[in-house]
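Please look through the sequence and the structure shown here before reading on.

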Amino acid sequence: QVQLVESGGGLVQAGGSLRLSCAASGRTFSSYAMGWFCQAPGKEREFVAGISLGGSITHLADSVKGRFTISRDNAKNTVYLHMNSLKPEDTAVYYCAARTPPPYSSGYYTGSQYAYWGQGTQVTVSS
């Protein structure tokens with residue numbers, strides 16, 4: 001079992017940057033593919049980014065390509081979401097999640113296939 005705790009959210013002006021962190025408990029962090037999802041008020045949860053076990057493969061939602069990156073440090077049991085050029089429409093609660101390695105890349109995008117979730121961290125971007 002994996003427990004996930006996000007941090008790094010906050011209030012930032014449009015054009016600013018944030019780095020979200022997700023710390024995982026347990027010794028098996030490197031056995032899980034990781035993802036970041038977000039949910040804005042009144043909207044469904046959306047995929048933001050995903051990363052493979054070793055970090056060599058990453059996936060990003062079209063809406064954040066060129067602005068966000070995802071990385072992980074398996075020695076620190078931590079996955080990061082680097083958020084640049086933030087826009088007001090990025091305002092949401094951001095969740096990290098863990099799953100067994102997906103057999104296909106589409107598996108990174110499907111929230112229901114992730115077994116473990118953090119509690120979320122709020123990101124608010126002011127205009």
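## Two residues with positive phi

Asn77 is found in the loop between strand 7 and strand 8, and in this predicted model it has a positive phi of about 55° although it is not a glycine. Because its relative accessibility is 17%, Asn77 counts as buried, the cut-off for that word being under 20% relative accessible area.

Ser85 also has a positive phi, with a value near 50° in a residue other than glycine. The place of Ser85 is in the loop between strand 8 and strand 9, and, at 40% relative accessibility, Ser85 counts as partly exposed.

## Arg67 and Asp90

Arg67 lies in the loop between strand 6, residues 58-60, and strand 7, and with a relative accessibility of 10% this arginine counts as buried. When its neighbours within four places in sequence are left aside, Arg67 is in contact with His82, Met83, Asn84, Ser85, Leu86, Lys87 and Asp90.

Asp90, for its part, is found in the loop between strand 8 and strand 9, and at 6% relative accessibility it counts as buried. Not counting residues up to four places away in sequence, Asp90 touches Arg67, Phe68, Ser85, Val123 and Val125. Asp90 and Thr100 are 10 residues apart in sequence, while their C-alpha atoms are 27 Å apart in space.

Which strands form the open sheet, and in what order? Four strands take part, in the order 1-3-8-7, and their pairing is antiparallel. The edge strands, each of which pairs on one side only, are strand 1, residues 4-7, and strand 7, residues 68-73. From one strand to the next, the twist averages 15°.

Strand 1 pairs with strand 3, residues 18-24, in the antiparallel sense over four bridges. Within this pairing, Glu6 stands opposite Cys22 in strand 3, and the bridge partner of Val5 in strand 3 is Ala23.

## Aromatic pairs and charges over rings

A pair of aromatic rings is described by the distance of the centres and the angle of the planes. The structure holds six aromatic pairs, and one of them, formed by Phe37 and Tyr114, is edge-to-face, with 5.1 Å from centre to centre and 80° between the planes. This pair links distant parts of the chain, since Phe37 is in strand 4, residues 33-39, and Tyr114 is in the loop between strand 9, residues 92-99, and strand 10, residues 116-117, so that the two are 77 residues apart. Both Phe37 and Tyr114 are buried. Phe47 and Tyr109 form a tilted pair, because their ring centres are 4.2 Å apart and their planes lie at 45°. Here too the pair links distant parts of the chain, with Phe47 in strand 5, residues 46-51, and Tyr109 in the loop between strand 9 and strand 10, 62 residues apart.

Ring pairs link Phe37, Phe47, Tyr109, Tyr114 and Trp117 into a cluster. Charged groups also lie over rings: Arg99 lies over the face of Tyr114, at 5.9 Å from the ring centre, and the charged end of Arg72 sits over the ring of Phe29, 4.5 Å from its centre.

In soluble globular proteins, nonpolar side chains tend to be buried together. The largest nonpolar core here has 37 residues, and of these Met34, Trp36, Val48, Leu81, Met83 and Tyr94 touch the most other members. At least two residues of this core are supplied by each of strand 3, strand 4, strand 5, strand 7, strand 8 (78-83), strand 9 and strand 11 (121-126).

Which residues does Tyr94 contact, leaving aside its neighbours within four places in sequence? They are Glu6, Leu20, Trp36, Phe37, Cys38, Val48, Phe68, Leu81, Met83, Gly120, Thr121 and Val123.

Technical notes
Residues numbered from 1 in each chain as written. Predicted model: local features only at pLDDT ≥ 70, side-chain atom pairs only at ≥ 80, totals over all residues. Heavy atoms only, no water. Pairing = 2+ DSSP bridges. Axes fitted to C-alpha atoms, helices over the stretch in contact; angles between N-to-C directions. Buried < 20%, exposed > 50% of the residue type's maximum accessible area, 1.4 Å probe, protein only. Contact = heavy atoms within 4.5 Å. Phe/Tyr/Trp six-rings, centres within 6.5 Å; stacked < 30°, edge-to-face > 60°. Lys NZ or Arg CZ within 6 Å of the ring centre and 35° of its normal. Core = buried A, V, L, I, M, F, W, Y, C linked by side-chain atoms within 4.5 Å.
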